[in-house]
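Here is a short report on a sheet, a ligand shell and the nonpolar cores. Please read it alongside the model.

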Amino acid sequence: MATLKTSVLGIEFENPFLLASAPPTAQIESIDKAFELGWGGAVLKTITPDDLEMIEASPRYSCIKEKNQVIGFQNIELLSHKTIKYWCDGIRYLKEKHPTKVIIASIMAPVEKDEWQNIVKILNDTPVDAYELNFSCPHGMPERNIGMAIGTSTEISILITTWVKSVAKKPVFVKLTPNVTDIAWVARAVEDAGTDGFAAINTVQGFMGLNLDTLEPNLCIDGCTTYGGCSGEIVRPIGLRCVAQIRQNSKLPILGMGGISNWQDAAQYIAVGSDAVQVCTEVMMNGYGVIKGLKSGLLNYLEQKGMDSISDLKNIAIEKIIAHGSLNKKYFVCPKIDKEKCVACGKCTKICSESEYSALSLVEKEIKLDKEKCQGCSLCSIVCPQNAISMGK
Ligand SMILES: Cc1cc2nc3c(=O)[nH]c(=O)nc-3n(C[C@H](O)[C@H](O)[C@H](O)COP(=O)(O)O)c2cc1C
């Protein structure tokens, strides 16, 4: 029998699914409900010093939809509006009611030693399991020299990690931003400064475009907009890449996230090195109840694969991700056309001829391949509307 139980830095998780720091973890009553429904833990909405001003914009969310499904989300939301006392009381309440659930306090403060250390010292006296340092919010905060302004500077990231580590009585995860050239570089810097683990990714900075009729931005606040943080399915390849890059450079635990909307996505994050995963946008779209499918899907998968726990899946993809120069360039695949499925629409021949090679042609309603010209790029199999083309050796 496989199990979803796992252990990270000595913290026992009943399952590897945590709510990420965001609206679903912005109040105690909601987290309580999420725990009842089966979440393994929650990262609290980022806690800040009580006097740090938080004035929200309205509206603050926008999205990209495909077939009426949200595939990309964007927000310009700030951090928790609750006081440090609210969170301390809440952590005590939640831990008493749900002792087996993991609670991680996300924190952010101005770049001053006392500001960071004060919050940590207060939280040290609660039963919180760990800290997550938010060095990565891409909107609102960077213009106040915090959030992503911290995570894009190795010097400041090192400084704050050192301050926090010198007082923290619980393990520390640094939440990294994908909005840097080399996330592994920042990860190495905070590892040297003493972090116990990483969380990645926070949102990806983007612009959601404009309405071409009204010429107003899609996320429009009285005629203007600002760059916001993108999340959901559209950022998953970026999140997976970031987690893999961190894992290829570090053995420390990683809480992986970014576009997890089902158990398959979670499994991918574990395969590239995550020790547990966090979910935000999917929960904002469909509610806490999605935990049921996440848990049963992942457990069934482990059992089908004959794996005992997520440790057997962890890192499995890592050695398969290598430098371009190390790929076997003698390996060659070319298209195989399924004549039953092909309707001779000519899309593959058109695209192939417009993309340099002209290896495919339509002869008497049949697709012909010129093997001499084919470069094995696979574009034809991608554009075929009938899924009639597969690539084979
Ligand atoms: C509306 C919203 C608010 C968020 N607030 C926070 C926050 O306060 N602190 C934080 O570290 N991350 C915050 N995040 C980022 C998420 O925790 C997460 O890193 C990101 O959304 C990627 O995961 P997802 O694709 O599952 O949403 C927020 C995300 C959203 C969408």
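Asn 75 stands opposite Gly 229 in strand 12. This is a predicted model: local features need pLDDT of at least 70, side-chain atom pairs count only at pLDDT 80 or more, and totals for chains, interfaces and linings use all residues. Residues are numbered from 1 along each chain as its sequence is written.

Strand 6 and strand 12 pair in the antiparallel sense over three bridges. Strands (E, at least two residues) and helices (H or I, at least four) are DSSP runs, numbered from the N terminus. Pairing requires at least two DSSP bridges. The open sheet has four strands in the order 5-6-12-11, with antiparallel pairing. The twist averages 35° from one strand to the next.

| Strand | Residues |
|---|---|
| Strand 6 | 69-75 |
| Strand 12 | 228-231 |

Now the ligand. The shell around it holds 27 residues, and Asn 75 and Ser 231 are among the closest. Membership requires a C-beta atom, placed from the backbone, within 6 Å. Strand 6 and helix 9 (281-286) each supply at least two shell residues. Eleven shell residues are nonpolar, twelve polar and four charged.

Next, the cores. A nonpolar core joins buried residues (20 or more other C-beta atoms within 10 Å) through C-beta atoms within 7 Å. The largest has 85 residues; Leu 18, Tyr 131, Ala 200 and Val 277 touch the most other members. Helix 8 (residues 263-271) gives the largest share, six residues. Another core, of ten residues, lies apart and includes Cys 348 and Leu 360.

Notes. Ala, Val, Leu, Ile, Met, Phe, Trp, Tyr, Cys and Pro count as nonpolar, Asp, Glu, Lys and Arg as charged, and the others, Gly among them, as polar. A residue is buried if 20 or more other C-beta atoms lie within 10 Å of its own, exposed if 12 or fewer, and partly exposed in between; C-beta atoms are placed from the backbone. Axes are lines fitted to C-alpha atoms, for helices over the stretch in contact, and angles run from 0 to 180 degrees between N-to-C directions.
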